[in-house]
Amino acid sequence: METLERIQPNRQVMVFILMVFFSQALAEPIRYSVMEETESGFFIAHLTKDLGLEIGELAARSARVVSDDDKQRLQLDRQTGDLLLREKLDREELCGPIEPCVLHFQVFLETPVQFFEGELSIQDVNDHSPVFPTGEMLLKIPENSQPGTLFPLKLAQDLDVGSNGLQKYTISPNSHFHVLTRNHSEGKKYPDLVQDKPLDREEQPEFSLTLTALDGGSPPKSGTITVRILIMDVNDNAPEFVHTPYEVQVLENNPLDSPVLSVSARDVDAGNFGSVSYGLFQASDEIKQTFSINEVTGEIRLTKKLDFEQIKSYHVEIEAIDGGGLSGKGTVFIDVVDVNDNAPELTISSLISSVPENAPETVVSIFRIRDRDSGDNGKMICSIPDNLPFLLKPTFKNFYTLVTERPLDRESQAEYNITITVTDLGTPRLKTQHNITVTVSDVNDNAPAFSQAAYTLRVRENNSPALHIGSVSATDRDSGANAQVTYSLLPPQDPQLPLASLVSINADNGQLFALRSLDFEALRAFEFRVGAADRGSPALSSQALVRVLVVDDNDNSPFVLYPLQNGSAPCTELVPRAAEAGYLVTKVVAVDGDSGQNAWLSYQLLKATEPGLFGVWAHSGEVRTARLLSERDAVKHRLVVLVKDNGEPPLSASVTLHVLLVDGFSQPYLPLPDAAAAEARADPLTVYLVVALASVSSLFLFSVLVFVAVRLCRRSRAASGGGCSVPEGPFPGHLVDVSGAGTLSHSYQYEVRLTEGPGSNEFKFLKPIIPKFPPHGAVEEIEENATFRNSFGFN
């Protein structure tokens, strides 16, 4: 039991103990009757017929019977529709003195929810005899008592009711008294002893009579008590209570031995006849157990805990007796005041622990609430947390139905813990909580979802067959078989792609395998789609794109395009001895079938006839002179150039070059104009000498140029029938065309000019004008020595 300090307005519904009937219930309850003490299994009624239902409907709709006190005294055979007694019923235990004794029960059916109210009337049988509280009682009567005086006697109790209950009293035959049976307002029957004639103590000081209580059963049952009557000497005045009747209210939670009230009686006699003692008169066992009265002070105290829910009021008869035996009677009405000492009760009648997702409004539970207190203490509020997709609906009287507010989604939340709180309106407020766990069962409403819309896998070429190249992964938010994913390869969009011979997929875990060795140079990339399907009914599926990139492996050696290495006569390159350091001899051109860094080529001079004379540029393959040539250098040179890729491990190829040094041409060093001018300014004589020398050299070079031009034109006319003209004017630049004879297979043009300036006039042999060729298949540049070889016919 817990006190609720504050009520939250969370979907609360005020409920009173008695609610109006809803349309789901019958307008009038169905009524049946049975005798008490009937054996269990007794047939009461055929509910299928009485409720107007079809045969088998009780079983199909999970019908059940519940009683208001939560004790299953009835049972329902769903197959036959018979209502039977579960146990023997004792009317006195169920209802006590209340008549009629009615057992209320409800029949409720599910899908859809429907209630029927029923009443079972328990008929009394005469199974109890009247019983007096004691076997003997003492009655004192003064001898001057007048005929017709009434003397109350102890009453008997009979647990049976109606005609089987106590009906009358009789007393053994005598000449001085007879008994009168009086009906009390509470329905009880009281015996009074009536004096028939005067008494004489000296003649007969004592009487012993037998009082008999009879019920109305057939045959009647009885109980007896012995009444001893003592004739007392004259006592003029009997005690009288100051206030009668007394009325008092007592809280049901008053502690034991707490005072209820004090009564007071007066007797005008003097001496012993005027002294008064107090006691309970004709008190039942319940009153004797609950209250006690002080014989001297008349204070009534509580000797047993009160319970408003069991007994709401007490009617206590009291008496005051003086020393002479005379007594006065009084009445105390004690009303028990209800306090909020009972927390609300919640009883589950029906519970569904699992609800399928996506289902419309579904009944989860049917339960009943009750508070044994009264007034505001018995009024209740029923609520559930506001953040849950459930509703509480009042159904019938104090029954509630817990239903889903909307279709549930297991993937959002698979389980709900619902706390039903029932709070009364008493002071202090008490509440009861009941927890219900509802699981959401799965429905196949989610297709598998891949972790990526597209996967990119990289496989190194020359792989081994059945190599694991990667995995795809899909998850399904459902559960059980609905979440078990199976993978498959989907037909390729490109019908030319032999997908079945390239890859396979593990249906259980999505692992992909290459079925054969891949070749980067033949197939650099391909793509396909994979599917993931669950095992639900119907099955749901999704797709993802897989791109496979074949990673190049260094499996191709460099291939030399120039100079050709075809086993024919070796290629000979001509170099004038006048060439300066860095003179371009030739260029090695090579390609690599691989890609990326595997195709990055580097060149190096592996062997040379005279180390240090020639060098190879590592990245361009250009072969250049490393120093000035001298007369002591050999005429013929053999160079071995190594071409190596950047793979791991690197692959290489080599090419052999033959270089022939020739005389007859020079390429003098031409100083920079700025430097010559500076020297001229520094020394005029030097300037004059330089100018003279430059003039002579210019005339000589011009003669040589004319000679070379004539020879070239004649050779060109002999080869192609064309002609050429000698350049005119003061040394303009001209292009010299060289045919493709000799070691080169193409024609090249060279620009020849005479320079003029303040420094010197000298013949300059400039670089060739090279035609462009496509990559990986042609020579990019041809050096100046080809001119010499073509011009002079060297082999």
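Analyst: A residue counts as buried when its relative accessible area is under 20%. The model discussed here is a predicted one. With a relative accessible area of 2%, Phe 177 falls under that cut-off and is therefore buried, and Phe 207, at 7%, is buried as well. The ring centres of Phe 177 and Phe 207 lie 5.5 Å apart, and because their planes stand at 85° to each other, the pair is edge-to-face. Phe 177 belongs to strand S13 (residues 177-183) and Phe 207 to strand S15 (residues 206-215), so that this pair links distant parts of the chain, 30 residues apart.

That pair can be set beside another. Across the whole structure a search finds 13 aromatic pairs, one of which joins Phe 115 and Phe 399, with ring centres 4.9 Å apart and planes at 50°, so that this pair is tilted. Because Phe 115 lies in strand S9 (residues 114-123) and Phe 399 in strand S31 (residues 399-404), the pair ties together parts that are 284 residues apart in sequence. Both Phe 115 and Phe 399 are buried, and together with Phe 108 and Phe 396 they form one aromatic cluster.

Lys 329 lies over the face of Phe 281, 4.8 Å from the ring centre, while the charged end of Arg 624 sits over the ring of Trp 617, 4.8 Å from its centre.

An open sheet of 4 strands runs in the order S35-S42-S41-S38, and its pairing is mixed. Strand S35 (454-460) and strand S38 (485-489) each have a single partner strand, so they stand at the edges and one side of each is left without a neighbour in the sheet. On average, and with direction ignored, neighbouring strands of this sheet are turned by 30° against each other. S38 pairs with strand S41 (residues 525-534) in the antiparallel sense, over 5 bridges, and Val 485 stands opposite Asp 534 in S41.

In soluble globular proteins, nonpolar side chains tend to be buried together. The largest nonpolar core here has 26 residues, of which Phe 450, Val 472, Phe 528 and Val 546 touch the most other members. At least two residues of this core come from each of S35, S38, helix H5 (499-502), strand S39 (503-505), strand S40 (511-514), S41 and strand S42 (541-551). Leaving aside neighbours within four places in sequence, Phe 528 is in contact with Leu 489, Leu 499, Val 503, Leu 512, Ala 544, Leu 545, Val 546 and Val 548. Apart from this core lies another, of 25 residues, among them Leu 51, Leu 58, Leu 89 and Cys 101.

Tyr 455 lies in strand S35 and, at 5% relative accessibility, counts as buried. Again leaving aside neighbours within four places in sequence, the contacts of Tyr 455 include Phe 450, Val 472 and Val 546, which are among the residues that touch the most other members of the largest nonpolar core. Tyr 455 is also in contact with Ser 471, Ser 473 and Arg 547, among others, and from C-alpha to C-alpha it lies 9.2 Å from Gly 470, which is 15 residues away in sequence.

Technical notes. Residues are numbered from 1 along each chain as its sequence is written. This is a predicted model: local features need pLDDT of at least 70, side-chain atom pairs count only at pLDDT 80 or more; totals for chains, interfaces and linings use all residues. Side-chain values use heavy atoms; hydrogens and water are left out. Two strands pair if DSSP finds at least two bridges between them. Axes are lines fitted to C-alpha atoms, for helices over the stretch in contact, and angles run from 0 to 180 degrees between N-to-C directions. Rings of Phe, Tyr and Trp (its six-membered ring) pair if their centres lie within 6.5 Å; planes under 30 degrees apart count as stacked, over 60 as edge-to-face and the rest as tilted. Buried means under 20% relative accessible area, exposed over 50%, partly exposed in between (1.4 Å probe, protein chains only). A charge sits over a ring if NZ of Lys or CZ of Arg is within 6 Å of the ring centre and within 35 degrees of the ring normal. A nonpolar core is a set of buried Ala, Val, Leu, Ile, Met, Phe, Trp, Tyr and Cys residues joined through side-chain atoms within 4.5 Å. Contact means heavy atoms within 4.5 Å.
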